[in-house]
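Here is a short note for a colleague who has not seen this structure before. Please read the points with the model open.

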Amino acid sequence: MITFSSDRYSKLSYDARDTPATITENRTKIKKQYGLTHILSARQVHGDAIFIADEPLQEDLKIDGYDALTTNLPAVGLLIQQADCQAITLYDSEHQAIAAIHSGWRGSVLNITGKTVQSMSDSYGSSPTHLQASISPSLGPCCAEFVNHELELPVAFLPFQVTKNHFDFWRITEMQLLGAGLQKQNISTAKICTSCSKDYYSYRRACRNGDGITGRGATIIAL
């Protein structure tokens, strides 16, 4: 997994008011540096739709309305854009397949992570016990405040409430990965809060300090 923050590659999202020409240039640089033929990305909608890329790409592709991407095609970078949400990557070394998941609190409620594990099992024969998972820098329990959590979050999330109205979504995702059959030793969590660290874009921080407008970081996984 490669996570880009506020550096020369930070302008990667066509949905964050960045200049399209700059975004295209930066994506081209990434492809060249990491030996990728194409980049597959999505207009993420905080849902649980999973896109399976099983046909060779003829060009970079952005699909509409998906929050998880999977493929077994080599040299295709699966790109997730985030500004506090989690980017979760999955790698099946046995069947050479990968997934990239965008999961904010709505994605956690929908358990998009567990559904993607099941999709990889159905599509590639992936055994959850062989999957390796990484959770990107994202909103930490220090800043994940949900004052309306009784309406927004399921009762199953209550054990992960660390202080009043604050929840540990890193542990919630770990719980969902374990519930999907992954081994604890195969789950890696960055444990960096994007809202606290100025090295990353953060919607929460942008709301605290201004109008909520911010860029997007990017996480890429490829075979």
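This is a predicted model: local features need pLDDT of at least 70, side-chain atom pairs count only at pLDDT 80 or more; totals for chains, interfaces and linings use all residues.

1. Residues are numbered from 1 along each chain as its sequence is written, and side-chain values use heavy atoms, with hydrogens and water left out.

2. Lys 31 belongs to helix H1, residues 20–34. Helices (H or I, at least four residues) and strands (E, at least two) are DSSP runs, numbered from the N terminus. The relative accessibility of Lys 31 is 17%, so this lysine counts as buried (buried means under 20% relative accessible area, exposed over 50%, partly exposed in between, with a 1.4 Å probe and protein chains only).

3. What does Lys 31 contact, leaving aside its neighbours within four places in sequence? Its partners are Leu 36, Thr 37, His 38, Ile 39 and Asp 60, where contact means heavy atoms within 4.5 Å. Between Lys 31 and Met 120 there are 25 Å in space, C-alpha to C-alpha, and the two are 89 residues apart in sequence.

4. Asn 111 is not a glycine, although its phi is positive, at about 55 degrees. Its place is the loop between helix H2 (105–110) and helix H3 (112–124). With a relative accessible area of 27%, Asn 111 is partly exposed.

5. Lys 191, a residue other than glycine, has a positive phi near 55 degrees. The loop that holds Lys 191 runs between strand E12 (187–189) and helix H6 (203–209). Lys 191 counts as exposed because its relative accessibility is 57%.
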